[in-house]
Amino acid sequence: MAGQGADGAIVTRFAPSPTGRLHLGHAASAIRAHDFARGRGGRFLLRIEDIDGARSRPEHVAGILDDLAWLGLAWDGLSFQSQRTALYDDALATLQARGLVYPCFCTRAEIAASASAPHGAVAVYPGTCRELVAPDPARPHAWRLAMAAAHTRAGPLIWTDHGETVAADPLAQGDVVLARKDAASSYHLAVTVDDAAQGVTDVVRGDDLFAPTHVHRLLQALLGLPTPRYHHHPLMTGPDGVRLAKRTGAPSLAAMRQAGEDGHAVAARVRAALG
């Protein structure tokens, strides 16, 4: 399990995707990660998760930097996932050599038609391509983790959330995608590799990413990577109790800035709301 960074420092990170404007929910997560590190004499990294080339926009990258500076946050390192694809390729090659991934040719429509899940749950891939004989590598395909085989190979695993021990249960996530048809990596593989490569000791992020952590812990074991401490926090909600999100039209930090609000005062209000 992870302790301190190579130089003895606590290292956290904020890793937004440049697919839209940041809102108060993002601000809360960034402030939590920033303050966690600063309060312990550590480092706070900013990582732009821009491997989705179809949706990532340069203007949103600039907006992220402006928004965080407006809030009064400073970071100790800036990186872009689009410049780190060789790391993901190497990790995928390791799993391929161990026979723990397989090519998947299914379309989203095919998966939606065949996968099922209880109401409100995430549908688990049914393993349609898992046992394909002589698949055609020339056809566009993703790479999926053979979850059952990987889980058996790794054995029982644990991780900590706010200091409490959590037994890893990656099987519930099914055969997740590790490399997409249109990108060098999926979120699962990229975030796991990046956190290890950047020496992140403490991952401070929202409760919506609690379930994926089970998969990340498995990938850490399979790839021989350290496991950071995790600190998942409740998501911010609006007056109606609905989670703040881009898709639900949450007010952006850019709009607040353009309206003349003071970023440091906004950050103070967020800190007060976080307790």
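This is a short tour of a predicted model, stop by stop, with what to select and what you will find there.

**Stop 1: the parallel sheet**

Start by selecting strands E1, E2 and E3. They form an open sheet in the order E1-E2-E3, and the pairing is parallel. On the edges you'll see E1 (11-14) and E3 (77-80), each pairing on one side only. Go from one strand to the next and the twist averages 30 degrees.

Now zoom in on E2 (residues 43-48), which pairs with E3 in the parallel sense over 4 bridges. Which residue of E3 is the bridge partner of Arg47? Click on Ser79 and you have found that partner.

**Stop 2: the antiparallel sheet**

Select E4, E5 and E8. These 3 strands make an open sheet in the order E4-E5-E8, with antiparallel pairing. Here the edge strands are E4 (101-104) and E8 (177-179). Neighbouring strands of this sheet are turned by 45 degrees against each other on average, direction ignored.

Have a look at E4 with E5 (residues 142-145): the two pair over 4 bridges. Pick Tyr102, and you'll see that Arg144 in E5 stands opposite.

**Stop 3: a hairpin**

Move on to E6 (residues 158-161) and E7 (residues 164-167), an antiparallel pair with 4 bridges. Ile158 has Ala167 in E7 as its bridge partner. How many residues lie between E6 and E7 in this hairpin? There are 2, and His162 in the turn has a positive phi of about 55 degrees.

**Stop 4**

Select E9 (residues 202-206), where 5 of 5 residues are buried. Then bring in E10 (residues 229-233), which runs parallel to E9 and is joined to it by 5 bridges.

**Stop 5: His188**

Find helix H6 (residues 187-197) and pick His188 in it. Is His188 buried or exposed? His188 counts as buried because its relative accessible area is 15%, and the cut-off for buried is under 20%.

A polar contact of 3.1 Å joins the two side chains. Leaving aside neighbours within four places in sequence, His188 also touches other residues, including Val176, Pro212 and Leu219.

**Stop 6**

Finish with the inside. In soluble globular proteins, nonpolar side chains tend to be buried together. The largest nonpolar core here has 30 residues, and those touching the most other members are Leu95, Leu145, Leu178, Leu189, Leu218 and Leu222. Elements giving two or more residues to this core are H3 (85-97), H5 (147-154), E8, H6 and H7. H7 gives the largest share, 5 residues.

Then hop over to a second, separate core of 26 residues, which includes Ala28, Ile48, Phe80 and Val266.

Note on methods. Residues are numbered from 1 along each chain as its sequence is written. This is a predicted model: local features need pLDDT of at least 70, side-chain atom pairs count only at pLDDT 80 or more; totals for chains, interfaces and linings use all residues. Side-chain values use heavy atoms; hydrogens and water are left out. Two strands pair if DSSP finds at least two bridges between them. Axes are lines fitted to C-alpha atoms, for helices over the stretch in contact, and angles run from 0 to 180 degrees between N-to-C directions. Buried means under 20% relative accessible area, exposed over 50%, partly exposed in between (1.4 Å probe, protein chains only). Contact means heavy atoms within 4.5 Å. A polar contact is a pair of N or O atoms within 3.5 Å; within protein, one must be able to donate a hydrogen and the other to accept it, and residues adjacent in sequence count only if both atoms are side-chain atoms. A nonpolar core is a set of buried Ala, Val, Leu, Ile, Met, Phe, Trp, Tyr and Cys residues joined through side-chain atoms within 4.5 Å.
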